[in-house]
Amino acid sequence: GAGSGGAGGGVGGSGEVQGGEAKARSHLLEHILHSHMVALPGDPEGAGGELVLAFPASAASDGDDFEAPLLPLFTFLPVRVVGFRFAVQGPFELTADRGNLHGKSAKNRALLAALPRAFVGALEAIPELRGRALSLLGRETPDASWLAVRGRLLDALRDVKCVPTEPHGRLMLPADCLLHPEAPRAAEAAQHLDPELLWRCCRKRLVRQEFARRHLSLLQRLGVEELGLEHWLPMLRDDGRDELGSSECADVCEASAGEPRVSLARGLIATAAASGDVALFRRLLGLLGEATAPDGKERGGQLAEVGAAEGQGGGEEAVGALLGELAEVPLLPGCCGGPPMRLADGPIYEGFARELPEAWQRSLVAVGAFA
């Protein structure tokens with residue numbers, strides 16, 4: 001078992017006495033400390049050992065330009081750099097040259113096993129660090145002996161809101177996030193996607209693009225996938241009513257007061273059709289054409305993966321199943337501001353043919369032969 005201690009400042013705000021008078025001197029706050037108590041094997045008094053994590057103070061500041069050097073592991077004196085941008089102090093048992101941890105030590109195993117809990121505890125105690133969590137793990141690959149430790153730290157972040165999302169940097173759980181797609185037409189369509197529509201229909205938010213570029217491999221390891229067709233389909237079917245019974249999703253979306261909100265009370269497709277936004281239909285059809293092209297390299301096997309996940313077999317079966325679903329989605333703009341139309345509605349014409357009796361054509365429309 002392990003218990004967590006508190007968080008506090010490192011160097012800063014100290015005072016010195018000179019000539020019998022106290023003269024306060026301000027120092028730059030260099031580190032933020034978090035203490036975590038660990039039960040150790042073979043400890044007769046049960047006092048346990050203390051892990052102290054020291055984070056650069058700059059990690060708790062605003063801005064996207066956080067950079068910090070790799071910090072060492074300590075056992076009262078520096079031992080070695082292990083690939084993290086925070087320092088770890090603990091009562092580790094060292095090799096004779098003090099250059100590494102003793103590999104067969106049960107005490108060391110207990111301390112390292114507690115490190116993920118200590119890291120998450122620090123993020124809970126110091127919320128300003130949460131958006132820097134992936135940066136603090138470092139992008140440099142540590143040596144093999146520390147890869148497993150780093151992997152456990154990363155896995156512990158699955159339950160921490162540590163991923164900044166569009167449009168205002170709100171931190172979300174990794175499971176609630178999606179990456180911007182890389183395929184050109186899919187990326188273009190995503191640029192025009194309303195974030196609240198994505199949340200309302202899929203309970204997902206897009207990761208901020210700059211953050212995703214810096215931490216792509218770690219985000220993928222956390223299971224964050226690209227925005228794909230399986231996410232577009234519910235948005236295309238959406239009629240504007242939230243699944244909780246309201247066209248507003250402020251409570252579920254945790255929207256901050258004063259944030260602008262785009263009204264999509266009639267749904268994405270109906271809103272575009274009513275406003276004559278033909279560009280949206282073109283973007284969507286380009287996206288769907290890119291995804292369903294038989295030899296489309298840009299779709300990256302997405303349909304095959306979606307089909308396999310849904311038990312649909314390979315890529316061709318997935319394409320067929322997708323087209324069947326798309327046939328029921330209104331993807332074509334109506335004529336003269338009319339409602340959008342589905343592929344399943346049959347052949348679609350702008351007007352009646354002048355060579356044929358209009359009454360006869362209207363009767364065909366009435367029975368659904370064509371629209």
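Mentor: Accessible areas are computed here by the Shrake-Rupley method with a 1.4 Å probe, and for residues only the protein chains shown count as cover. By that method the protein exposes about 19,600 Å², of which carbon and sulfur atoms supply 54%. This is a predicted model, in which local features need pLDDT of at least 70 and side-chain atom pairs count only at pLDDT 80 or more, whereas totals for chains, interfaces and linings use all residues. Residues are numbered from 1 along each chain as its sequence is written, and side-chain values use heavy atoms, with hydrogens and water left out.

Trainee: How many helices and strands are there in the protein?

Mentor: Helices (H or I, at least four residues) and strands (E, at least two) are DSSP runs, numbered from the N terminus. The protein has 14 helices and 15 strands.

Trainee: Which residues of α3 are buried?

Mentor: Buried means under 20% relative accessible area, exposed means over 50%, and partly exposed lies in between (1.4 Å probe, protein chains only). In α3 the buried residues are Trp146, Val149, Arg150, Gly151, Leu153, Leu154 and Ala156. Elements that cover them include β6 (72–75), β7 (77–81), α1 (106–125), α2 (133–136) and α7 (216–221), where contact means heavy atoms within 4.5 Å.

Trainee: Which residues have the most contacts inside the largest nonpolar core?

Mentor: A nonpolar core is a set of buried Ala, Val, Leu, Ile, Met, Phe, Trp, Tyr and Cys residues joined through side-chain atoms within 4.5 Å. The largest one holds 54 residues, and those with the most contacts inside it are Leu51, Phe86, Phe92, Phe119, Leu157, Val207 and Leu219. Helix α1 gives the most to this core, with 10 residues.

Trainee: How many aromatic pairs does the structure hold?

Mentor: Rings of Phe, Tyr and Trp (its six-membered ring) pair if their centres lie within 6.5 Å; planes under 30 degrees apart count as stacked, over 60 as edge-to-face and the rest as tilted. The structure holds five such pairs. One of them, Phe84 with Trp146, is edge-to-face, at 6.2 Å centre to centre and 85° between the planes. Because Phe84 lies in the loop between β7 and β8 (87–89) and Trp146 in helix α3, this pair ties together parts that are 62 residues apart in sequence. Another, Phe86 with Phe119, is stacked, at 5.2 Å centre to centre and 15° between the planes. Phe86 counts as buried at 1% relative accessibility, and Phe119 at 0%.
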